[in-house]
Amino acid sequence: QRRNVIKLIDLTMPFSPSVTPLDGHPRISMEPITTHDADGRSNTKVVFSVHTSTHIDAPQHFYADGITIDQMPLEIFCGKTFVCDLRQIAQPGKALTVEDMQAGGMPPDDHLHGNRVLMHANWAAPRWKGSGLYKGNMYLAEETAHWLVDIGIVALAMDFSVDSVYPYPCHQIFLGAGIPLIENLINIDQITVSEFTLLAFPIKLEGGDGAPARVLAWIDE
């Protein structure tokens with residue numbers, strides 16, 4: 001009898017000064033506290049915005065009374081996830097409709113309830129070191145955001161932003177419904193199945209409006 005082989009695909013950007021930050025946010029910086037040459041050991045001070053590189057937005061990001069990242073149930077961050085392949089559909093600077101999402105291979109609505117969606121437009125992978133990561137991206141129409149909320153998804157992962165301009169209405173729609181946004185993913189092209197298990201655990205940042213995360217696709221082959 002053939003044993004299942006577990007394949008893990010790392011969807012996480014490096015946590016590095018090379019990563020493009022949001023406008024107004026500091027670039028990740030790292031400096032030594034101690035060094036091997038001087039002190040016989042290495043320790044490092046890191047300064048960053050929690051919304052840089054691969055990270056998860058909590059409701060508190062947009063709502064003063066929203067729950068923080070450390071208060072969110074861990075079950076949300078792992079489980080069945082459906083891939084929405086938008087690479088031949090999404091256009092820079094254009095809103096994605098419900099019909100676009102369905103054309104990207106979304107399953108029937110009742111399959112989505114209680115599960116997660118990963119949107120793949122091949123946006124972040126070629127841009128995460130450059131100036132274009134947050135400029136001219138595709139985004140979701142507000143109707144599309146409401147549709148996903150009404151279906152009952154529990155988390156939304158992506159390699160582009162759900163919004164393009166202030167006041168970021170789709171962030172408000174998802175986070176207002178308690179649905180975390182798992183942002184800035186890469187290597188999605190290595191996922192060759194339409195359904196997989198997502199592992200996307202944020203660091204336990206007390207009171208955090210978001211947090212960096214290591215995000216993996218778990219695939220049984």
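Predicted model: local features only at pLDDT ≥ 70, side-chain atom pairs only at ≥ 80, totals over all residues.
Reader: Which residues form one aromatic cluster here?
Author: F62, Y166 and Y168 do. As for pairing, rings of Phe, Tyr and Trp (its six-membered ring) pair if their centres lie within 6.5 Å; planes under 30 degrees apart are stacked, over 60 edge-to-face, and the rest tilted. That rule gives a count of 3 aromatic pairs.

Reader: Why is the pair of F15 and F48 called edge-to-face?
Author: The ring centres of F15 and F48 are 4.9 Å apart and the planes stand at 85 degrees, so edge-to-face it is. This pair ties together distant parts of the chain, 33 residues apart: F15 in the loop between β1 (6–10) and β2 (29–34), and F48 in the loop between β3 (43–47) and β4. Strands are DSSP runs of E, at least two residues, and helices runs of H or I, at least four, numbered from the N terminus.

Reader: Why does F15 count as partly exposed?
Author: Buried means under 20% relative accessible area and exposed over 50%, with partly exposed in between (1.4 Å probe, protein chains only). F15 has 34%, so it is partly exposed. F48, at 30%, is partly exposed too.

Reader: And what makes F62 and Y168 an edge-to-face pair?
Author: Their ring centres are 6.2 Å apart and their planes at 85 degrees, so the pair is edge-to-face. F62 sits in the loop between β4 and β5 (78–85), while Y168 sits in the loop between β9 and α5, 106 residues apart. F62 has 28% relative accessibility, so it counts as partly exposed. Y168 has 33%, so that one is partly exposed as well.

Reader: Which residues of helix α5 are buried?
Author: In α5 (residues 169–176), they are C170, H171, I173, F174 and L175. After α5 comes G178, whose phi is positive, near 80 degrees.

Conventions: Residues numbered from 1 in each chain as written. Heavy atoms only, no water.
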